[in-house]
Protein chains: 2
Amino acid sequence: MKVFIIGIGLIGGSFAIDIKAAFNEAKIYGIDRSDENLEKALGLGLIDHKSSFDELDKADVVIVAIPVDTTVEILPMILDNIHDDCLVFDAGSTKGKLCDTISQHPKRRNYLAAHPIAGTEFSGPQAAIANLYRGKTNIICEVEKTAFKLQERGMEIFSRLGMRIRYMDPSSHDKHIAYVSHLSHISSFMLGKTVIEKEKNERDIFDMAGSGFASTVRLAKSSPAMWTPIFKHNKNNVIETLEEYIANLEQFKKLMKEDNFDEIYKEMEDTNHIKAILKGIT
Amino acid sequence: MKVFIIGIGLIGGSFAIDIKAAFNEAKIYGIDRSDENLEKALGLGLIDHKSSFDELDKADVVIVAIPVDTTVEILPMILDNIHDDCLVFDAGSTKGKLCDTISQHPKRRNYLAAHPIAGTEFSGPQAAIANLYRGKTNIICEVEKTAFKLQERGMEIFSRLGMRIRYMDPSSHDKHIAYVSHLSHISSFMLGKTVIEKEKNERDIFDMAGSGFASTVRLAKSSPAMWTPIFKHNKNNVIETLEEYIANLEQFKKLMKEDNFDEIYKEMEDTNHIKAILKGIT
């Protein structure tokens, strides 16, 4: 099985590691616009060969793991260049615009829209790790538009990598994911910004910040190159989540100003309930 | 050394574990308004004896690890009851109101105002863990107001427990800690609230949320009984941080609405810098 991975960073590189471990016969071909990344990936043993778009017709599977705006740009070209029996799937954090873009493409049935809910705040080939996808959810959109045989090939990969599958339409995906992922990133980035602006003396942050702060701003280490296109693609949903989040913060501030600490207690108590929800997310 | 711990939960219980390990001769006496907690603490081996305020005159060290409003309430009574050579320190997350309260107390020199920057999102005696304080910062306020001999006793404990000491005045402490701790808790609680309100179907949150979301809302599991008094004590500072945080979120939303994604990229890139600051916080 010849697997071409376009974008050999955290997501693509982690797919490479697990696919090589799960499929003896898999050969990994890396494509990346940074030759430095390709060399690193080769050095780390993530890929077997450096490759380019010219060789896409050899692929049995193409995994697209690049920022979502570039995926929208080049997915039609990728589909143009593969052979009829090749499966293409992506790992992008927005699905609506992507599915729209290739809805009329003659090779639409070769594409599977996927979003593995997995990652870390790090990026690049050196961030790739084994078992990143084990036990994680993979959201598949518009599965009925993918050729059945190619669905099966995709599921075999996801299953051997230990992922749970969930089916969803692209617009529901984009709406829900704005709440449980995109908003978290903004809250984290803005928290980091607020503290950095205030605490000019970084020694103070370092000395006084505990594990709670570190946990809350962890996502502020994330890659702007990956996240800017996500916010762009999911603009309306993200703005809606931001408005609700800001309204809740304003309400909390209002309660503080009114010395209504009974209500503040209640708000926190109600939200404690998140414990039960988080059980099982690692 | 007879160590009385008032409030035998996560903070007090973890002190108990480490002090017993570091001082062979230490005996731990637990005081808690919940007899159930005391029984648990005894069962877990955190304390050697259940005790009460009537016995405080036997104490060499008293550690106050209860919500900050109750500390303000009972600290004068504690000082009234100890003998002249007893050290009292607390572990509260606000220091101004506390230092004010006892500034004129005849036993002011028996008290050391401390804030170990350590904890988890869990609470109660069963949440107590060994080495919670190792490598953590302990902020000491108004050290000059504590008798030198008792400062030394405190430092011996903090040092054997592996803490780094930092000195600060109470009002600077309360201002800085609002940014690096109190604001994180509010951002986390309100994020949890926003998502719970929206996602009535909790299965969706569970399936779609990844480790990023879990990390960002982790603090929303924290105890309202502990946090409500902190927000009350640090009201003005916390409102100021909230205003700045909301302003940054509003600005982000405005950039999104204006499709100014270049600036959004830049904001995130500038904040990525938090990586360097977080290095070393575990």
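This is a predicted model: local features need pLDDT of at least 70, side-chain atom pairs count only at pLDDT 80 or more; totals for chains, interfaces and linings use all residues.
Q: Is A:Lys253 buried or exposed?
A: A:Lys253 has a relative accessible area of 12% and is buried. Buried means under 20% relative accessible area, exposed over 50%, and partly exposed in between, with a 1.4 Å probe and protein chains only.

Q: And which helix is A:Lys253 in?
A: Helix H10 of chain A, residues 235–257. Helices (H or I, at least four residues) and strands (E, at least two) are DSSP runs, numbered from the N terminus.

Q: Switching to rings: how many aromatic pairs over all chains?
A: The search of the whole structure finds 13. Rings of Phe, Tyr and Trp (its six-membered ring) pair if their centres lie within 6.5 Å; planes under 30 degrees apart are stacked, over 60 edge-to-face, and the rest tilted. In one pair, A:Phe15 and A:Phe89, the ring centres are 5.5 Å apart and the planes are at 70°, so the pair is edge-to-face.

Q: Where do A:Phe15 and A:Phe89 lie?
A: A:Phe15 is in helix H1 (residues 10–22) of chain A and A:Phe89 in strand E5 (residues 87–90) of chain A, so the pair ties together parts 74 residues apart in sequence. Both residues are buried.

Q: What about B:Phe15 and B:Tyr133?
A: Their ring centres are 4.2 Å apart with planes at 20°, so that pair is stacked. B:Phe15 sits in helix H1 (residues 10–22) of chain B, and B:Tyr133 in the loop between strand E6 (111–116) and strand E7 (137–141) of chain B, 118 residues apart. B:Phe15 is buried at 0% relative accessibility, and B:Tyr133 is buried with a relative accessible area of 0%.

Q: Now the sheet in chain B: what is the strand order?
A: E3-E2-E1-E4-E5-E6-E7-E8, an open sheet of eight strands with mixed pairing. Two strands pair if DSSP finds at least two bridges between them.

Q: Which are the edge strands?
A: Strand E3 (49–50) and strand E8 (164–168) of chain B, each pairing on one side only.

Notes
Residues are numbered from 1 along each chain as its sequence is written. Chains are lettered from A and ligands numbered from 1 in the order in which they are written. Side-chain values use heavy atoms; hydrogens and water are left out.
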